[in-house]
Amino acid sequence: MPGEHYEIRDERFARLIHSNASIDILWTGGRWTEGPAYLAAGRYLIWSDIPNDRIMRWDEMSGAVSIFEEPCRNQNGHTVDRQGRLIACEHRGRCVSRYEIDGSRTILADSYQGRRLNSPNDVVVKSDGSIWFTDPSYGIDSDYEGDASPMEQDGRHVYRIDPTGGITRVIDDMKQPNGLAFSPDESFLYVADTGRTHFPDCEPKIRRYPVAADGTSVASGEDFVFCEAGLFDGFRVDTAGNIWCSAGDGVHCFTLDGTLLGKILIGEVVANVCFGGPKRNRLFICSTTTLRAIYVNAQGLR
Ligand code: MG
C-alpha cells in the first residue's frame with residue numbers, strides 16, 4: 001500500500017514527505033552498512049560495510065554498485081568537505097583521514113595529547129572548515145569492526161580539528177558519542193549517544209550543545225530528544241533544521257525544538273542516513289544489510 005511505510009505523528013510531517021514515494025532498495029548484501037556520503041560532482045554515493053572492511057559505491061546514472069575500496073581500514077562515517085573532498089572515519093586506522101584530489105590520503109587526526117584515538121565513528125565539517133568528529137570505542141572493542149585494542153584515551157569524547165591542524169577535545173560528558181550534525185545556523189551541535197550498548201543506564205538520545213560565539217568550542221549541553229525504538233546512530237539535518245535520524249525501526253524526523261514529527265518505517269535497524277541527488281532531496285538510508293533511498297520534500301544542508 002502506498003504510504004504504509006510512514007508513521008505520521010504531527011501533521012507537519014505530511015508536508016515533508018511524498019505520500020506515494022516508495023522506498024527503493026538500491027543494494028543489499030552488507031553486514032553493517034554505515035557512513036553514507038553523496039559526491040555531487042561525480043553523482044555517486046559511497047557507504048561503509050564495516051565488518052566486511054569495504055566501501056561501496058552506487059552510481060546514480062547507471063544504478064550500478066561496485067566496490068570503492070577494500071580493504072579500507074574498517075571505515076565508518078563519512079562526509080564531504082567544502083572543497084568536495086571525502087572525509088573518512090577509520091576504525092582500524094584509528095584516525096580521521098581525507099581523500100585528496102590526486103588520490104592520496106592525508107591523516108588529519110590519529111591521536112590526542114600523545115595517545116591514540118579510540119576509533120573515530122562519524123564526522124561533520126563546519127562552514128569555517130573545521131572538522132568535528134566522535135570517538136567511541138566500537139572499533140577497538142572487538143575484531144569484528146576493527147582491531148581489538150586497549151583504549152588509550154580516558155573515555156569516549158568529541159573532538160575538533162582546526163583548519164590549521166590542531167586538535168581539541170570539545171565534549172567529554174558522553175558515554176559513546178556517535179552521529180553528529182550542526183543546526184543550519186551552526187548555533188547548536190547535536191550529538192547522538194549510543195552508550196546503552198555498554199552502559200545499561202544510558203538513555204538512547206541526542207544531546208544538544210550551544211556552539212560558542214567564536215565557533216571553536218561548545219558550552220554545556222542538554223538532553224534534546226530520546227529514542228523510543230533502539231538507538232539513534234547517525235543523522236542529518238535539512239535546510240529547515242529538521243533532524244532525520246536513524247533508529248531501530250527506521251528514520252525518525254524531529255523539528256528544531258525536538259518534536260517527533262513522524263517516521264519512515266524500515267524493516268531493519270537503520271545506522272545512518274544522508275541526503276543526495278542533484279536537488280539533495282533524496283534520503284539515502286543505510287539499514288544493516290541494505291542501502292535504501294526515498295524522495296522526501298526536504299533538502300539536506302550543504
Ligand atoms: Mg555511527
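**Figure 1. Pairing of strands β18 and β19 around Tyr190 in the predicted model.** Tyr190 stands opposite Arg208 in β19. Strand β18 (residues 188-193) and strand β19 (residues 205-210) run antiparallel and are joined by six bridges; two strands count as paired if DSSP finds at least two bridges between them. Strands (E, at least two residues) are DSSP runs, numbered from the N terminus. The model is predicted, so local features need pLDDT of at least 70 and side-chain atom pairs count only at pLDDT 80 or more, whereas totals for chains, interfaces and linings use all residues. Residues are numbered from 1 along each chain as its sequence is written, and side-chain values use heavy atoms, with hydrogens and water left out.

**Figure 2. The open sheet β17-β18-β19-β20.** Four strands make up this open sheet in the order given, with antiparallel pairing. Its edge strands are β17 (177-182) and β20 (222-226), each of which pairs on one side only. From one strand to the next, the twist averages 30°; axes are lines fitted to C-alpha atoms, and angles run from 0 to 180 degrees between N-to-C directions.

**Figure 3. The open sheet β7-β8-β9-β10.** This open sheet also consists of four strands, in the order β7-β8-β9-β10, and the pairing is antiparallel. Because β7 (75-80) and β10 (105-109) stand at the edges with a single partner strand each, one side of each is left without a neighbour in the sheet. Neighbouring strands are turned by 30° against each other on average, direction ignored. Four bridges connect β7 with strand β8 (residues 86-90) in the antiparallel sense; the bridge partner of Gln75 in β8 is Glu90.

**Figure 4. Protein donors of the magnesium ion.** Glu34 (OE), Asn121 (OD1), Asn178 (OD1) and Asp233 (OD) are the protein donors, lying 2.1 to 2.5 Å from the magnesium ion. Donors are N, O and S atoms within 2.8 Å of the metal (3.2 Å for Na, K and Ca); water is not among the atoms, so sites may look incomplete. The spacing of the donor residues in sequence is E-x86-N-x56-N-x54-D. Asn121, in the loop between β12 (115-116) and β13 (123-125), and Asp233, in the loop between β20 and β21 (235-237), link distant parts of the chain, being 112 residues apart. Asn121 and Asp233 are both buried, a term for residues under 20% relative accessible area, with exposed meaning over 50% and partly exposed in between (1.4 Å probe, protein chains only).

**Figure 5. Strand β26 and its two antiparallel partners.** Strand β26 (residues 282-287) is largely enclosed by the rest of the structure, because six of its six residues are buried. Both of its faces are covered, with Arg282, Phe284 and Cys286 buried on one side and Leu283, Ile285 and Ser287 buried on the other. Strand β25 (residues 272-276) runs antiparallel to β26 and is joined to it by five bridges; Asn272 stands opposite Cys286. The hairpin of β25 and β26 has five residues between the strands, and Gly277 takes a positive phi near 90° there. Six bridges join β26 to strand β27 (residues 290-295), again in the antiparallel sense, and Arg292 in β27 is the bridge partner of Ile285. In the hairpin of β26 and β27, with two residues between the strands, Thr288 takes a positive phi near 55°.

**Figure 6. Nonpolar cores.** The largest nonpolar core has 19 residues, of which Phe13, Trp244, Ile264 and Leu283 have the most contacts inside it. A nonpolar core is a set of buried Ala, Val, Leu, Ile, Met, Phe, Trp, Tyr and Cys residues joined through side-chain atoms within 4.5 Å. Elements giving two or more residues to this core are β23 (250-254), β24 (260-265), β25 and β26. A second, separate core of 15 residues includes Tyr190, Phe224, Cys227 and Phe235.

**Figure 7. Cysteines without disulfides.** The structure holds zero disulfides, a disulfide being a pair of cysteine sulfur atoms within 2.5 Å. For Cys202, the nearest cysteine sulfur is that of Cys227, 12 Å away; Cys202 counts as buried at 7% relative accessibility. The sulfur of Cys286 lies 7.4 Å from the closest cysteine sulfur, in Cys274, too far for a bond. Cys286 is buried, with a relative accessible area of 0%.
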